[in-house]
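Subject: Structure handover

Hello,

My notes on what turned up follow it.

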Amino acid sequence: MWKSFLLVFILGLFIFSCDDGGLQKVNDFDQGPLLKNLGNQIILPAYQSLAEQNHLLTVAVGALREAPTAASLADAQLQLKLARLAWQNCSAFQFGPAEDAGLLAELNIYPIDKNQIEQNIADGSYDLSTLSNLDAKGYQTLAFLMYGDPEQDVDILSTLTEPRLEYLETVAHRIDQASQTVYDAWKEGGGDYVSTFSSEASLGVDLGSSIGKLVNALNQDFERNTRDGKVGIPVGIRSLGETIPTASEAYFGGYSIELLKENIAGYRNLFSGGQGVGFDDYLEGIGAATTGNEDLALTISNQFDQLELAIDQIADPLPMAIADQKSDVEQVFVQMQILVSLFKVDMASSIGVIISYQDNDGD
Amino acid sequence: MTNKLFIISILFIVSLSACNDSDNPKPDLSVPDTYTFTRDGESSVDFSGQTARLDMLAEMKAYIGTANGGTTLSQQTLLDMFANENSPFSSEDLNSSTKQLENKTFLSDVEFFKNILISAATASESAGDATQGQAGLIARGPDRNILVDEKGWEYTQLIEKGLMGATFLNQIYNSYLTDAKIGNDVENTELEEDKNYTAMEHHWDEAFGYWGVNVDFDPEGENRFWGNYTYGRESVLGSATILKNAFLTGRTAIVNKAYDTRDEQAEIIYEQFELIAAATGIHYLNESIVDFNNGDQGNLFHHASEGYGFVRALKYSPVKSISDEQLNTILNENFGTDGDFWDINLEGLQAAKSTLISVYPDLADVADEL
């Protein structure tokens, strides 16, 4: 009897797999050109730039370790900033190869745990792949070691002993490797995920489709990292009313708002598809409207304007902005929250993508 | 899609089974839609002992959960709740019940769970920040903490998911669905003294009671513990429907004395619970991978604790597909060295998921949706 169950099961698979064979077009919008454009003109170049910048960063950190001078330190600091700017254009794409490689976990977990870092350096042996070291690596760890605490006036160069320099290089090397792995997985001639991304099998709006993955990934990143991480938590809105300036993304380097601007520009570029087909065209193609019956693509574009205006009201360093003009920082959060709603509710439901990620599910 | 074809498969089997048993001269009882069976107009179903144990675990979990908010737990109360001694529950019905969790728990695991309970009480006394090797509290999201042990195991989850395996599933697998309880030698004609059921009927019902679903099989109704998780995977696996049909068909077959059908249904139940445990394990591995990628330690401890509990539950099946060696690798290497969650890395989580998929190929196509 069990065998016949299996037989029916297998038979069933055949029948149903035939059903699903056809090309899926949703609401008559052809996703092919959209995915080709996003994959080839937006995502792949962003990952290429990230891999290149991270490699330059690793080289600069290596040179710093070789000869710790004011010049080599300044160069490493500059390369760190350039790498972090490059990351801002990749953060929305944490699915597929990036998720497999744990890219975000390797690059940009913050706030870091200074005690854990100091402990690792003192111990001289550490496995940076483990959960216990998730907040003891990445860009912010590099910044902590290369800038020091902005509250303290320290000659940072004099603190850069060999164990610290070794830690710097180990962390930078992991960043370099992870981003290279992801770029290789995406590019043609490598893992060619860029072709998979726009292949017929990836069309549609299921959770397993490219649009399903991308819309979920960008929503999760925008909500969790852009809205909460960059602004909501430092300013206290997403941390029970208590401001945590030290939780700013570039707390040690002092350029958190600059990173935020780059990130928003990246999102805008993703939405518009750069010079090619973007989400705006998708939404227009399917006649998507807001609940108030406004043109959704236009509404989102206008909201980007509002958000950029709000960000222009504040200036680095973010902790000072929080101290001096907190309501302006809160206004940035408010504008982001409107965008979250447009992305997560209006855009996702218009396209037909189910938001499957959960923030702190019930139990 | 999978859901549909499972149902079709089941219907097909049910229809075949009906043919097999058609030589019975009496008109057979047909399979009902709800878990309702009667004799002389009165219900012949009773699983109140199982319901009581489900209630006990619910109260125990809720009590341990208060430690997440800083409450100090009493070790004595926890052990009393496990053994139902000294009236530990808020419900008088439970306190006066002769039922308990401890003596139904997989024997060689009783100490394991007692130690977790003792550890929970100790950790709750002076809970500081959790660190590797040190029990304590860790933030899970912006507005709450969870209490974890020195390995990062969340106490509420390890007890709840742990006893779902070691007690509930163990009882279904190693007691109520065995030959000793539903085999052909078990009484199925004479009624139990002062009862409206035969021994065989009652044993089947007791297995059903540990599933934790409502008798109407309403997905929105009260579905607890395994019931909750089978309906949780229903949209992907159709698992609740398969179990529903198996329990109903098997119970009907017992009434009809159609023992081949009963055995087939028992086999489906064995396989399905194992598949659900594995699928739910993959579900929480997926969540853990997301948490790891987000650098979210608190949620990772939570989800890993759940995942660990579900994978660990696989060991109670006497006919399990996964090997002891594979289980050991997942629990003691992939979930960190000796299950120390602080040592978890991304490769380990991915390896655990791959192993489960390789052992349960039915889950391969849906692994990322779980």
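Start with Ala352(B): its backbone nitrogen lies 3.5 Å from a polar atom of the Asn334(B) side chain. That pair is a polar contact, meaning N or O atoms within 3.5 Å; within protein, one must be able to donate a hydrogen and the other to accept it, and residues adjacent in sequence count only if both atoms are side-chain atoms.

Before you go further: this is a predicted model, where local features need pLDDT of at least 70 and side-chain atom pairs count only at pLDDT 80 or more, while totals for chains, interfaces and linings use all residues. Residues are numbered from 1 along each chain as its sequence is written, chains are lettered from A and ligands numbered from 1 in the order in which they are written, and side-chain values use heavy atoms, with hydrogens and water left out.

**Asn334(B)**

Asn334(B) sits in helix 14 (residues 324-334) of chain B. Helices are DSSP runs of H or I with at least four residues, strands are runs of E with at least two, and both are numbered from the N terminus. Asn334(B) is buried, because its relative accessibility is 10%. The cut-offs are under 20% relative accessible area for buried, over 50% for exposed and partly exposed in between, with a 1.4 Å probe and protein chains only. Beyond four places in sequence, Asn334(B) touches Thr329(B), Ile344(B), Gly348(B), Leu349(B), Ala351(B) and Ala352(B). Contact here means heavy atoms within 4.5 Å.

**Asn219(A) and its helix**

Asn219(A) belongs to helix 11 (residues 210-235) of chain A. Asn219(A) counts as buried because its relative accessibility is 2%. Its side chain reaches the backbone oxygen of Val215(A) at 2.9 Å. Leaving aside neighbours within four places in sequence, the contacts of Asn219(A) are Val340(A), Phe343(A), Lys344(A), Ile355(A) and Tyr357(A).

Helix 11 of chain A packs against helix 16 (residues 326-351) of chain A at about 165°, with the axes 10 Å apart. Axes are lines fitted to C-alpha atoms, for helices over the stretch in contact, and angles run from 0 to 180 degrees between N-to-C directions. The two helices are therefore roughly antiparallel, a label for angles over 145 degrees.

**Helix 5 of chain B**

This helix (residues 110-125) has 16 residues. From first C-alpha to last, helix 5 of chain B reaches 23 Å, close to the 22 Å expected at 1.5 Å a residue. The expected span is 1.5 Å times one less than the number of residues. Its buried residues include Phe113(B), Ile116(B) and Leu117(B). Among the elements covering them are helix 2 (48-65), helix 6 (155-176) and helix 13 (297-313) of chain B.

**Backbone points to check**

Most residues other than glycine have a negative phi, and most peptide bonds are trans. What departs from that here?

- The Tyr110(A) to Pro111(A) peptide bond is cis, with omega near 0°. Pro111(A) lies in the loop between helix 5 (103-107) and helix 6 (114-123) of chain A.
- The Asp316(A) to Pro317(A) peptide bond is cis, with omega near -5°. Pro317(A) is in the loop between helix 14 (296-312) and helix 15 (318-324) of chain A.
- Asp192(A), not a glycine, has a positive phi of about 55°. Asp192(A) is partly exposed, at 25% relative accessible area.
- Asp40(B), not a glycine, has a positive phi of about 55°. Asp40(B) is exposed, at 76%.

Best wishes

Terms used:
Angles under 35 degrees count as roughly parallel, over 145 as roughly antiparallel, 65 to 115 as roughly perpendicular and the rest as oblique.
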